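Good morning, everyone. Please have a look at the structure on the screen, and then I'll take you through a few parts of it.

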Amino acid sequence: MGLLSNMFGTSKPVHDPEAAAARVEQIKAALPSGTTVLLIEPSKGMALTYIVQVVADRRQTSTMTRSVVEIASAGAERWSLSLEVYDVDDPTSTYSAITVDGAPMAKLEVALRAHDDLYAIIPSQSIGIDVMEGGFNISDVSRGQAAATARAAIRWWEGVLQHGESGQWSASTLSVDVGGDDLGNAEISYGATIEREVDPMGKSADGRRYVSDAEWNQRVFTAWNDNLLVLEALLRLPLPAEHEVEISFDKDKIRPRITVTGWETRAENKTAAKELVAQIGSHVPDAKIKVY
């Protein structure tokens, strides 16, 4: 039986621990020396999970992912994979992370091509891709590279979603995360999500017509580009220590919004957010950003 039959069949697959352990050894043999594989046994609501970490040339990420998927899909169980490929043997180094959780092979191929294209553009950044959800994340970006990375990323994302295969996803997300530091300087996240309706040209509950996927995508891309000045202003401002500052867009009108959240408490700090909105307005007078 093929991958889709294994993962979405009607009968409950039987887990074979010995066979799964043998596949772990096959994965290690297929990847560079020093590869580590953690196997998490299936439990209620959780698939058999392979967590793979390897130090290798990140240009080989897609090839290695395909090899591991082929091995993992040989079993009867529902499975998931988290593959992390690091540039050097240091957990703080840049990496590529691919998460595969029940994704059809066609969707996997679209995501892997997207990874390779993005890596060619920004090889010095960490890249995370959630194959099933269409999630794309660029992390640990320095403040000096953030604006340029965000510009390059939106052009790349537009290219990914302009292909017919992008319909594989009901939604897709792009985020650029600017790292904090040991001094407590805030992290910054700049992200957007495109959600697709099953019938984009149908009518909503209040009778209004939806626009086409292509037009809606373009509105999101435009909003991203129009608010890069807001991101650039934020990068220059003093930010509350030990917090994360997130700029996102609401899913209906694509209006920019800001959230400030404490690292430890995860509580929103609306006072700090309002102060930042005021400061951003002094640098970008026509900014339309609001507190979320």
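Predicted model: local features only at pLDDT ≥ 70, side-chain atom pairs only at ≥ 80, totals over all residues.

Let's start with helix H8. H8 covers residues 270–283, which makes 14 residues. From its first C-alpha to its last, H8 reaches 20 Å. That is close to the 20 Å expected at 1.5 Å a residue.

Now, which residues of H8 are buried? They are Ala272, Ala273, Leu276 and Ile280. Look down the axis of H8: the buried residues fall within an arc of 100°, so they line one face of the helix.

What covers them? The cover of the buried residues in H8 includes helix H7, at 228–236, and strand S9, at 243–249. It also includes strand S10, at 256–262, and strand S11, at 290–291.

Turn to the face of H8 that points away from the buried side. Thr271, Lys274, Ala278 and Ser282 sit there, and they are exposed.

One detail at the start of H8. Asn269 has a side-chain oxygen that comes to within 3.4 Å of the backbone nitrogen of Thr271.

Next, the loop between S10 and H8. Arg266 lies in that loop. Its phi is positive, about 60°, although Arg266 is not a glycine. Is Arg266 buried, exposed or partly exposed? Its relative accessible area is 48%, so Arg266 is partly exposed.

On to another loop, the one between helix H4, 105–121, and strand S5, 126–130. Gln125 is in that loop.

What does Gln125 touch? Leave out residues up to four places away in sequence. Then the list is Arg58, Thr94, Tyr95, Ile138, Ser139, Asp140, Val141, Gln145 and Thr149. With Gln145 there is a polar contact, side chain to side chain, at 3.0 Å.

Let's follow one name from that list, Asp140. Asp140 is found in strand S6, residues 135–141. Its phi is near 55°, a positive value in a residue other than glycine. At 52% relative accessibility, over the 50% cut-off, Asp140 counts as exposed.

Terms used
Residues numbered from 1 in each chain as written. Heavy atoms only, no water. Helix = DSSP H or I, 4+ residues; strand = E, 2+ residues; numbered from the N terminus. Expected span 1.5 Å × (residues − 1). Buried < 20%, exposed > 50% of the residue type's maximum accessible area, 1.4 Å probe, protein only. Arc of directions from axis to C-beta. Contact = heavy atoms within 4.5 Å. Polar contact = N/O pair within 3.5 Å; in protein donor to acceptor, adjacent residues only side chain to side chain.
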